[in-house]
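This report is written for a reader who is meeting the structure for the first time. Please keep the sequence and the model in view while reading.

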Amino acid sequence: MVTRLMDNFTRAFRHGSSNGFYPVLQQAIGMDNAFEGWSPCTQAVVYYVLVPLSPPAGHAFHLELDSAAKMPGRNFRVRVELECTCAREQLGDNVLCFLHHSEEELSRNQEPSLLQTLCTGPYLDVEKTARWLYRLVRADWLLLPQSYQWHLMLLPSGRSCKMQLSKGNESLVVEVLFGVRQGDSDIFVSSQPTGVHFMPSTTWHETYAVAEANFLRHVARRAPQDSWHCKCLQLLTCVLMGTGFSSYALKTVVMHLLNTGALSQWHRREFLQRTVDILDYLRFSLDKKRLDHFVIGNERLPEEITLLPDFQRVEPPNLFWHLAHDPDAHREAMQEY
């Protein structure tokens, strides 16, 4: 239902913003635990979708790395540059060239450029883009077939578009993130907040969530019909809730095991043994004070997971880096384990 909703929204957004020079919204991509099938049972389900943005006519996006940040927490800025469209004009395209027409002519005959609407300086602004997306949702909701059955309430969020849908006793939350794809890869820079108290509105954080979701879809297509890998992850996420172990660390462990062992071993009847394997892998990682990132530096990813060449040649970042540099944190993690 969420996927159909986002497809309908995307079509409506394209129609509603077709007269201006706003980012072009591509098909939404479902990601994270609700779409991957392991939502912790004690949490309210939030459906995270990422909507890729493409530049409008006469514009180009260029990603600039914030060199002060290090993987896996790299930050970028999305520089917006104007491109010549004179050739398109000559072919009859109804787009004046922002570079070769006067400001007076442009202001009289054409909508403002993206630089004038959703940018701060030359950079695409996350918060301005979120407010624009909120306006589109509010304007287009009644045009969607889902509006006949569901009640929409927009929720506050500075770096995404968050909405609650309710119907009788049923309720769900959809958080729409947006991002720019790196090349043709499954790696994006996205609007998703990182937990940092202050994050500039022109900062976009690198995310591997789409690559991970695609890997788990790859597994689902090849695993036995009664595979319980998601059940194992769901159970342990619930058990370890409230401890220092993040659900992302557990997901990383499970993905490593899925990628290195036979998928036939994840039958329902092997549920207990696979759960023990996950805990053993976690204990081994704690002892080493090292848990390798699953995407970056992983040369054994399936071919259908598309990465930039540099991503598979670098050393995998250590998700347990803090344990290697803080004896007290390591001691506490061992006690919690």
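Which residues of H6 are buried? Taking buried to mean under 20% relative accessible area, exposed over 50% and partly exposed in between (1.4 Å probe, protein chains only), the buried residues of H6 are Val126, Thr129, Ala130, Trp132, Leu133, Tyr134, Leu136, Val137 and Asp140. Helices (H or I, at least four residues) and strands (E, at least two) are DSSP runs, numbered from the N terminus.

The model is predicted, and local features need pLDDT of at least 70, side-chain atom pairs count only at pLDDT 80 or more, while totals for chains, interfaces and linings use all residues. Residues are numbered from 1 along each chain as its sequence is written, and side-chain values use heavy atoms, with hydrogens and water left out.

## Helix H6 and the residues before it

Helix H6 has 15 residues, and the distance from its first C-alpha to its last is 21 Å, close to the 21 Å expected at 1.5 Å a residue; the expected span of a helix is 1.5 Å times one less than its number of residues. The N-terminal end of H6 is capped by aspartate 125, which has a side-chain oxygen 2.9 Å from the backbone nitrogen of glutamate 127.

The side chain of aspartate 125 is also joined to that of serine 201 by a polar contact of 2.8 Å. A polar contact is a pair of N or O atoms within 3.5 Å; within protein, one must be able to donate a hydrogen and the other to accept it, and residues adjacent in sequence count only if both atoms are side-chain atoms. Serine 201 is found in the loop between strand E11 (188-190) and E12, and the place of threonine 202 is in the loop between E11 and E12 as well.

A polar atom of the side chain of threonine 207 lies 3.2 Å from the backbone nitrogen of alanine 209.

| Residue | Residues touched |
|---|---|
| Threonine 207 | Leu50, Ile187, Phe188, Ser190 and Gln192 |
| Serine 201 | Leu124, Asp125, Val126, Glu127 and Arg159 |
| Threonine 202 | Phe76, Arg77, Thr120, Tyr123, Leu124 and Asp125 |
| Phenylalanine 9 | Val137, Trp141, Leu144 and Met163 |

## Nonpolar cores

A nonpolar core is a set of buried Ala, Val, Leu, Ile, Met, Phe, Trp, Tyr and Cys residues joined through side-chain atoms within 4.5 Å. Of the 40 residues in the largest nonpolar core, Met6, Phe9, Leu124, Leu133, Val174 and Val176 touch the most other members. Helix H1 (2-16), strand E3 (46-54), strand E5 (75-82), helix H6 (126-140), strand E9 (161-167) and strand E10 (170-181) are the elements that give two or more residues to this core, and H6 gives the most, with seven residues. Apart from this core lies another, of 37 residues, among them Val219, Ala223, Leu250 and Phe320.

## Helix H10

Helix H10 (residues 271-288) has 18 residues, which at 1.5 Å a residue should span 26 Å, and its end C-alpha atoms are 26 Å apart, in agreement. In H10, the residues Arg274, Thr275, Ile278, Leu282, Ser285 and Leu286 are buried. Seen down the axis of H10, the buried residues fall within an arc of 125 degrees, so they line one face of the helix; the arc is that of the directions from the helix axis to the C-beta atoms. The buried residues of H10 pack against helix H8 (229-239), helix H9 (247-260), helix H12 (321-325) and helix H13 (327-336). After H10 comes lysine 289, whose phi is positive, near 60 degrees.

## Cysteines

The structure holds zero disulfides, a disulfide being a pair of cysteine sulfur atoms within 2.5 Å. For cysteine 84, which is in no disulfide, the nearest cysteine sulfur is that of cysteine 86, 3.5 Å away, and at 44% relative accessibility cysteine 84 counts as partly exposed. Cysteine 230 is likewise in no disulfide, with the nearest cysteine sulfur, that of cysteine 232, 9.2 Å away; at 17% relative accessibility, cysteine 230 counts as buried.

Notes: Contact = heavy atoms within 4.5 Å. Lists of a residue's contacts leave out its neighbours within four places in sequence.
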